[in-house]
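Subject: Structure handover

Hello,

Here is the structure I said I would pass on. Please open it alongside this note.

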Amino acid sequence: MLDNKIETFMMVAHLKSYTKAAESLFISQPAVSQQIRQLEEEFGVKLFNYEKRKLFLTTEGKELLKFAESVKVQTKNIKIKMKLSDKQSSPLNFATTFSLSNNDAWKIVDYYRSKKIVCQTFNTQQCLEALNNGKIDFALIEGNFKQDDYDKVIIRNEPFIAVGKRELGIEAKKEYDLRELINYPLIYREQGSGSLEITRQILGMRNLSPIDFKQEYQIGSLSLFRRMLLDGVGIGFCYQCLLTDELDDGIIQKIKIKNMEVAHPISLVWLKGNDQLKEEIQVVKEILK
């Protein structure tokens, strides 16, 4: 459980302002300052610094914030479990990225049919934000992310490939140089998507970016992204699992690119310190094998 001083500290850390924190907590600014000062005296460290009139957490402040957020999430989970009657089971509350929302999410939902399930779909960054805010217990994500604040288990390494329709003039047996593909329209994902980050890395290795292509379409809707690829509007980079059936049926084809064999981990992720989830995570890991 968090005392008032910690709650005040968290509010200042998130709002980056003593004044705004005071307004949000309906207390005076001197009261906020006093509580922060008392915390600093208790821990024997400085929690905030001012740089160019802006408030920043110190290294120690960041560590305290990480700990406090973890405790807050666990406290919320305990309260939920205690409120449930003996006949009820704890709800399964998780999120997946768009790319994994078809096959992988279904495997989890299908296994836990007897439970109350809350499954949300976000991009990678939004999944992590939902974890940080205590809105979900765990997330199934792909792509790169800052791992310091999370525990994780890797489910598998998923191929990340280039795809396109034969009607575009793509030759199935040809091995393309990446620069040859700039003659085609490029369909790519939205900001915050793990797939976008990997696409940029692949293009960057050849000093390319989306603007170098014949046409560029940045798409935030996964269903629209798939539809445009399947309708032959352009080429794109995505996880193989997103189009498994279509690739097997020959509706769309993998584009072979010289010196490009990319696979990225699919990970189950949860906040560090949330030990209550370990048993559930192990079950989910087995489901997704």
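This is a predicted model: local features need pLDDT of at least 70, side-chain atom pairs count only at pLDDT 80 or more; totals for chains, interfaces and linings use all residues.

Residues are numbered from 1 along each chain as its sequence is written, and side-chain values use heavy atoms, with hydrogens and water left out.

The largest pocket holds about 810 Å³ of space. Of its 27 lining residues, L65, E69, N132, K146 and D149 are the closest to its centre. Two or more lining residues come from each of α1, β2 (54-57), α4 (59-83) and α6 (124-132), and α4 gives the most, with eight. By class, the lining has 11 nonpolar, seven polar and nine charged residues.

Terms for this part: on a 1 Å grid over the protein atoms alone, a pocket is an open set of points with protein on both sides within 12 Å along at least five of seven lines, a cavity is a set where a 1.4 Å probe fits but cannot get out, and lining residues have an atom within 4 Å of a point. Points are joined across faces, edges and corners, and a volume is the space filled by probe spheres set on them. Ala, Val, Leu, Ile, Met, Phe, Trp, Tyr, Cys and Pro count as nonpolar, Asp, Glu, Lys and Arg as charged, and the others, Gly among them, as polar. Helices (H or I, at least four residues) and strands (E, at least two) are DSSP runs, numbered from the N terminus.

Cavity. The structure has one cavity of 30 Å³ or more. L178, I202, M205, R206, I257, K258, N259 and M260 line the largest cavity; five of these are nonpolar, one is polar and two are charged.

Helix pairs. The axes of α1 (residues 4-15) and α2 (residues 18-25) come within 8 Å and cross at roughly 125°. Axes are lines fitted to C-alpha atoms, for helices over the stretch in contact, and angles run from 0 to 180 degrees between N-to-C directions. On the α1 side, T8, M11, V12 and L15 meet Y18, K20, A21, S24 and L25 of α2, where contact means heavy atoms within 4.5 Å. This contact of α1 with α2 has six nonpolar, two polar and one charged residues.

Helices α5 (residues 103-111) and α10 (residues 278-287) pack at about 120°, with axes 10 Å apart. Here K107, I108 and Y111 in α5 meet V283, V284 and I287 in α10.

Regards
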